[in-house]
Every structure is written in C-alpha cells, then in structure tokens.
Amino acid sequence: MLRDVSVRELPTGERMRIVKHRYMPVGLSETEVSCLPRACIITGMHGDELEGQYVLYELIRRLRSQPQHLAGVVDVYPAVNPMGMGAIERGIPQFDLDMDRIFPGSHDASPFEAMAADLVEDVRGAQVAFDLHASSIYLRELPQIRINEESVGCTLPLARLANVDYVWVHESAVVLKGTFAYSMNKLGVPTLVTKAGVGMRITPEVGEQLAIGILSVLAQAGVWTGPLPLVRAPQVGTDGEVSYLHADAAGMFVPCVTFGREVKEGQVIGRILDCGSATVLQELCAPVGGLLFTLRAYPLVYPGNLIARVLGGAPC
Amino acid sequence: MLEEGILSLELPYRDPLDVRAFSFGIDAKGKVLGKGADPSTLERSLCVVAGIRGDEILQTLVCALLVERLEKMERSKALVPGCLTRVIPCANPASMGIGRRFWPLDKTDINRMFPGSPEGETTRRIAAGLFAQVSGFSYGVHLSSFYLEGDFIPHVRVMHGPGERANHGADFCLPYVTHYEPGSFDTTTLHYNWRLHGTEAYSFYTRKTTVADEVIAREAVQSLLRFMSARGLTRQQFHGGHRTFELAERALVPVHVPVGGVCCPVVRVGDVVGRGQLLATVRDLLCGHVTARVVAPCDGVVFYHARTPLVNERTLAFQIVPDDADEVKATLA
C-alpha cells in the first residue's frame, strides 16, 4: 500500500513527494493494525547513497515471501529526499542544507524543513526505526550502526541484533542534533543509523546482511515472527577506539590491503601516487592493529582526505 | 486552445516527466484544430519552444505570457483560420523543477541531442520525442540561452546552412539580427535540425535568462506577435519595435579581461561607449587591488555582458557592436 507522507508543489507543477509503502498482516484493516507494533525504515536521506535501496529490496522480498509471519506494521520510506535521489545528489536540490541536519523540521521555514517535520510526525509512535545510509562516493564502510551515548540504553541492545560488523557509540559532544535519528530518539522511538558500502553504488552482500539484521530487530520488536538466521556479534567501540589515517599528499590513492579485514600496526594500507612521474608520494601505514572498517574508495585525494579508519585504538 | 501532454518519461523517485504544449488555431470552417493536427498539411504554422534547459526561466515566462495572449486573441478571432501556433513553454520541467540547467542525472544538454534517438540515452530519447512534436512547422522559434552566463541586447540569431530558405529575422523588430555559420556542435541543436527538416528557424535571445522579469518578457511576447503578424498568422497588427540592424556574429568585437579576479562592470548592455572608455575594473579577490582596467577597444554599443562576478584570465566580459557600420555590413556579404 503506497501513500503520501509529505507533498509540496514545485514551480513547474510537479509535486515533490515523500512516500511510504506499508506492509501489514494479511486480512487486517488499518483500524485493526493501529494497535500493533510498528517499525519504520527510511532511506534516501542523501540522494547519492543507494545501498539502502537494495536493503529494502532484500527485506521486503523476505516479508512478502512469508506474510503469515508479519505480526505488526512495517512502513518503508524509500526516498525521503526524492529530488536528491532523482538527481544523484547528496543534498536537496535548490537547498543548501544537508537534509540530515534540519530535523525535527519546521512548518515555519522552507518547504524542505516542513517535509522533514511531516516525516517526523509520520514516524512518531513507532516501536523502532532505521535510517539506512551508505557512505559517500569517497569511502567504503563495513556495515555498521552508529548510535549516540545518550540513547545507548535503548538502542545498543537492538544494534547488537542488527547483524552488523561494528557498532560505533558516539560521545554526546560529537552528536549532531539536527539528525533524524537524534530527533526520533528524543521522541522515544529507538532509531538505529546504519552506514554501509559506498556512495552511488549497490553492494548486494551489504543489502543481504542488513536485511537479515533488520528482520532480527523486527522480531525483537514483535513485528516479525518468522525464522531467522544467526546474526553476527558486532564489535562495539567508542570514539576513542577508532584510529584515523589521512592523506598528506595530493594524488591518486591505490590501496594494497583487503577491505574489512584485520590489519597489523605499521602494515601498508596503500600509496598515493603521482602517476605521471611514476612516483610514490606517500606510503600510508596502519596507525594501529585492528579492524579496517573504512577505506578510501575514490582514488583522487587532497592532503587531509580520510584514507582509512581502524578499530583498535586505545579506549579513552 | 488545446493543452496536451506531448512527452512523458518515467523518472526515478519523482513524478514522470510531463511536457505540455498549447495549440491555437481553427480551420477554415471555424473548428478548433484538434489533437494531432499535422502542421505540415497547413498553409502556415508556428512552433515556439522554451525551457529546454532548466534555468531558462525568462524564456519560459515569455511563452507563458504568449499562451495567455493567444488565448485572448483566439477568443477575439484575431488568429487567421487555417494556421496553427503551438507553444511549448517548458520542454525540460524535470530540470527546471529542481533548478538545474542540464539533465538532473548525467548533466547532459538536451539541446545538444537533436534530432535524438528513441533507443538512445535518456536525453536523446527526450530530444527525439520532442522533435517529433515540433517537426513539420513552417516556422520555428527557439527561445534559447547562451552557453556563457550573461545578458544580451534582445536579438534573433539566424543560422546559415542546411535548409535555409528565407531570412525574415527582421520581422521580429528586435534591435539586432545576428548571422552565424554553424559549428560542429551546432548540428545537434533544435535550430539546426529544424532547418535541416525544412522549418524556417530562429533562435530568440532575451535580455536575461534566470530571472522572472515580466517587463522584459512582455517585450519579447510583443516581438513574437509582430513576427506572427508579419508572417500572416494573425490579422492583428502590433506596433512598436526596432528598425533591426543585421550583422554577422564575427563582427562583434570581443572584450576579454586580462587577469582573473572580481569583475566590477561600470556599463550595461545597450550602453553606447567610446573607444578607450572604462567598461569594468578587475580587482584582486583577496586584497581588493585593481589589477586591470577593461576599456572599450572601439566606439559602439555593448551587446553582451558576462554576469559572473568572478572571472578567469581571458573571460569574455563584453561584446561590442562597432559603430563602423560599413565594416560590419561588409562581414555579412
């Protein structure tokens, strides 16, 4: 069942729409399901992040193949920034602010902030929510969930079930308060932010891994009663346990490790090359031993660009 | 008036592309020319197209006001029976709706895709669908914009080349008609392909592009109506306009800035300038020093003025129509 969540008219007469697909137990009416647990899954906040689309495909395919196990409502919002998705643009076209910085939104400002407010109202009251992100086109990420320590009590137990490789607990000081997840957690909806894969691409194994994880969380929330495969136990780390590796040179970055594996301290991660002169401008080595969960995907780098993150630093 | 959707295309995460056209005209018996009227079977027909690029706001406004005007003229029976006028105010609403000049996904220019291909990439398909709807007209006017961001004296460009049968550019009564030889990149424009397929085509350049200025737009509408009157599409006469001066584009005198920086013009399009007169200063972006004074190389009229505040070395800042009319005329020969 497809329905509009928020609609605004463009100058050309076209309407900008946030839509959702509703999946609910067979044979029940809208009124009858109103007292059932509800899960909301949004994606497409950044128009250049496509991994969430395949997560939805894998999830819905599973829901529809065993409808008898659906015990609650699943609302799926495939493109909350529809114009950005259509243009493969991270932000909202004609709007300078990142959509994930304008929540909880406002009906007194721009149409885009009003749409953010509409989305918050629609998700309010759910038992659990997911905000599915990919990385940018510049970095590749292992499937992970990012939560903030203010909401760790209600989100960490769910995140452990979500079949991700890593759960990153951010300190309050670095939490961005304009995010969808922050607003929903404040409103009492446990909301998990996933980050996985790379921008402008779909990685099928990422989609399958996260779809299983979401089903696992839906089961915990009483929305799904079907069989579940075993989920992986994630590593859980805080900001102080993550080490960063940045470029000091400008050139073409070429990795020489396998992404998503353990690396040893001092191991060469990759090189920045001046290809025209066949010169190695910089050799980049792992600052610590640990899980290489972020790696540069876009070859061109400027000094200061992030090359890698390794989980393995000393906790603060 | 007949409003119809002439082109539709599914877009991901968005409403489908929906290009609208407005047609005006009655047959000799007074019956409204219906959907699917074939312009090639009519004695005279005109197609006006705008908004192929998503930032051509003024051009689209011109067409919208033209539609409004033609509705009134149709009601007052001012349109000549047997003639069809079709107006397509916004050929690319998908880009205009999100403030993009080019196609949202791959940033390609539809006006570099004609005649298009139904089996090709997205914008080639759009060009093919559009061209099928604008072909066969006696006259074609494309309200276009220049590839450089800037303001112009209103003018009509006339292309020499295939299909050229007549030049009635002066019938718009704009200040200038410019003539140009098509380059290789011109062969994929609507103008070129109209010509290639027998339509007497013109590219119409308004003073500005990305603004909604109703005064400027109404001037352009009046010019289009003068053309319609001159070509026998309406009985109504429209006064005003200019005694058109025709010149070859290569006669325009380019004025480049010699250095990069912030360009601060002191003249506007249409200003009469004298040789050596200051046109603009260029300042260093960080310390504000004047790094160059741009002066007029000849007596004449400012025809084009770049609107970008930040300029690179050799940015074309101005074009001037030189006063030496004899020399300019000679370039037409």
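Trainee: Which residue is the bridge partner of Ile147(A) in E7(A)?

Mentor: The model is a predicted one. Strand E7 (residues 166-170) of chain A pairs with E6(A) in the parallel sense, over 5 bridges. Within this pairing, the residue of E7(A) that bridges to Ile147(A) is Val169(A).

Trainee: What is the hand of the β-α-β crossover from E6(A) to E7(A)?

Mentor: The two strands pair in the parallel sense. Between E6(A) and E7(A) the chain passes through helix H5 (residues 152-159) of chain A. The hand of this β-α-β crossover is right-handed.

Trainee: Which residue of E8(A) is the bridge partner of Glu141(A)?

Mentor: E6(A) also pairs with strand E8 (residues 191-197) of chain A; these strands run antiparallel and are joined by 4 bridges. In E8(A), the partner of Glu141(A) is Gly197(A).

Trainee: Why is strand E6 of chain A described as largely enclosed by the rest of the structure?

Mentor: The strand covers residues 139-148 of chain A. A residue counts as buried when 20 or more other C-beta atoms lie within 10 Å of its own. E6(A) is described as largely enclosed because the number of its residues that are buried is 10 of the 10.

Trainee: Which residues does Ile214(A) contact, leaving aside its neighbours within four places in sequence?

Mentor: In soluble globular proteins, nonpolar side chains tend to be buried together. Ile214(A) is one of the residues with the most contacts inside the largest nonpolar core. Beyond those sequence neighbours, its contacts are Ile41(A), Leu59(A), Phe130(A) and Ala162(A).

Trainee: Is Leu252(B) buried or exposed?

Mentor: Leu252(B) is placed in the loop between strand E10 (245-248) and strand E11 (253-256) of chain B. Not counting residues up to four places away in sequence, it touches Phe303(B), Gln319(B), Ile320(B) and Val321(B). Because Leu252(B) has 20 C-beta neighbours inside 10 Å, it counts as buried.

Trainee: How far apart in space are Leu252(B) and Ile320(B), C-alpha to C-alpha?

Mentor: Ile320(B) is among the residues that Leu252(B) touches. The two are 68 residues apart in sequence, while their C-alpha to C-alpha distance is 5.6 Å.

Trainee: Which strand gives the largest share of the side of domain 1 of chain B that touches domain 2 of chain B?

Mentor: Chain B is divided into domain 1 (2-246) and domain 2 (252-332). Their contact takes 9 residues from domain 1 and 10 residues from domain 2 of chain B. On the domain 1 side, the largest share, 3 residues, comes from strand E6 (residues 150-152) of chain B.

Trainee: Which helix of chain A gives the most to the side that touches chain B?

Mentor: The contact between the chains takes 14 residues from chain A and 14 residues from chain B. By class, the chain A side has 9 nonpolar, 3 polar and 2 charged residues. The helix that gives the most to this side, with 5 residues, is H3 (residues 82-87) of chain A.

How values were computed
Residues numbered from 1 in each chain as written. Chains lettered and ligands numbered in written order. Predicted model: local features only at pLDDT ≥ 70, side-chain atom pairs only at ≥ 80, totals over all residues. Contact = placed C-beta atoms within 7 Å. Nonpolar A, V, L, I, M, F, W, Y, C, P; charged D, E, K, R; others polar. Domains from an automatic or database assignment. Core = buried A, V, L, I, M, F, W, Y, C linked by C-beta atoms within 7 Å. Buried ≥ 20, exposed ≤ 12 C-beta atoms within 10 Å, placed from the backbone. Pairing = 2+ DSSP bridges. Right-handed = clockwise from strand over helix to strand, strands pointing away.
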